[in-house]
Amino acid sequence: MKKIQVAMFDQEGYTRRLADYLNHHQNSVLEVRLFTNVESLRQFLRRGPVEMLLVGERDWDPAWEPETQIRRLIFLSEGDVVREGINRPVIFKYQSAESIVQELLTVIADDDGMKVKSRRVTSDHVEFIGVYSPYGGAGVSTFAYEMAKEYGMQYTTLYLNMELFHGMPGHSVSKWKEYTPMEENRGMSELIFYLRQHKEKIAVKLQSLVQTKDGIAVIRAVEDYRDLYGMTVSDMQRLLCVLAEETEYQKIFFDIGFLGETSLELMRCCDVLYLPKARSEIQHNKQISFEQLLMREGDREMLERIQFVSMKEAV
């Protein structure tokens, strides 16, 4: 897709590493130019419209703005306290580069006036891999995540957690009587909301929600299970088109933890669908019931793409 031109100004040169990270970040829609000299920056700003300027609170001079056209001015803050009179987006300077990228992409995705021209890539570069179980306790999530990590050693890999509840390691959950909303849970719930609003920059929004973990890109599960059931078949089709045509991922894993028209559409589009081998009579009967459902739906081709594998017990 078309790159968003970003100018960065930092007299101390602290953000040089950040600029390098942004320019080399996989799937990044940002192209960054770093300035450490005031006059060089002012000359650059006079040449024409600037899509985005990222500058420290202390480095910004309001007198510059009338002489240029800056679409989005974003301040880098050195602390929790923001200078008075600032009515622009503010990003905390001393955090991980990945977190800063996510915040910048969020600003771009939510700005309807900032256009990002999608670049179509060949659809045969990506493989959709689904993992699903018609019964619980099969270790599906562990299998899906471990397999994604293994593929991540050779391919650019994305893992989408499409379960009803988040269960990945490293996530702390408050005790029920101390419950507070999970403000940091920017995952599938936000992506689904964006899809349902018929926004244009789905690929940008998706990248703003990605967290890098164990060498792969991860999008967390929904905050509320109803978000998954509120997702329509057309929402799913649009998401899959964006993933195939507007991102550079080679392997995309779907950890499917719900059943409905939307998840069945997802399974139909998967190149391969992994199901656990039954280990008991009850599991075997549920597996047969699932296969009969697919037969009634006319999904014989999906049945042919199913691979039954042994999965470890969930941990």
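Leaving aside neighbours within four places in sequence, Met162 is in contact (heavy atoms within 4.5 Å) with Met188, Leu228, Met231, Met236, Phe254, Asp255, Ile256, Gly257, Phe258 and Leu266. The model is a predicted one, in which local features need pLDDT of at least 70 and side-chain atom pairs count only at pLDDT 80 or more, whereas totals for chains, interfaces and linings use all residues. Residues are numbered from 1 along each chain as its sequence is written, and side-chain values use heavy atoms, with hydrogens and water left out.

Met162 is, with Leu158 and Phe254, among the residues with the most contacts inside the largest nonpolar core, which has 64 residues; such a core is a set of buried (under 20% relative accessible area, 1.4 Å probe, protein chains only) Ala, Val, Leu, Ile, Met, Phe, Trp, Tyr and Cys residues joined through side-chain atoms within 4.5 Å. Helix α3 gives the most to this core, with 7 residues. A second, separate core of 18 residues includes Ala138, Val272, Tyr274 and Val309.

An open sheet is formed by 5 strands in the order β2-β1-β3-β4-β5, with parallel pairing, where strands are DSSP runs (E, at least two residues) and helices likewise (H or I, at least four), numbered from the N terminus, and two strands pair if DSSP finds at least two bridges between them. Because β2 (30–35) and β5 (90–92) each have a single partner strand, one side of each is left without a neighbour in the sheet. Strands β1 (residues 4–9) and β3 (residues 50–56) pair in the parallel sense over 4 bridges, and Met8 has Leu54 in β3 as its bridge partner.

Terms used
Buried < 20%, exposed > 50% of the residue type's maximum accessible area, 1.4 Å probe, protein only.
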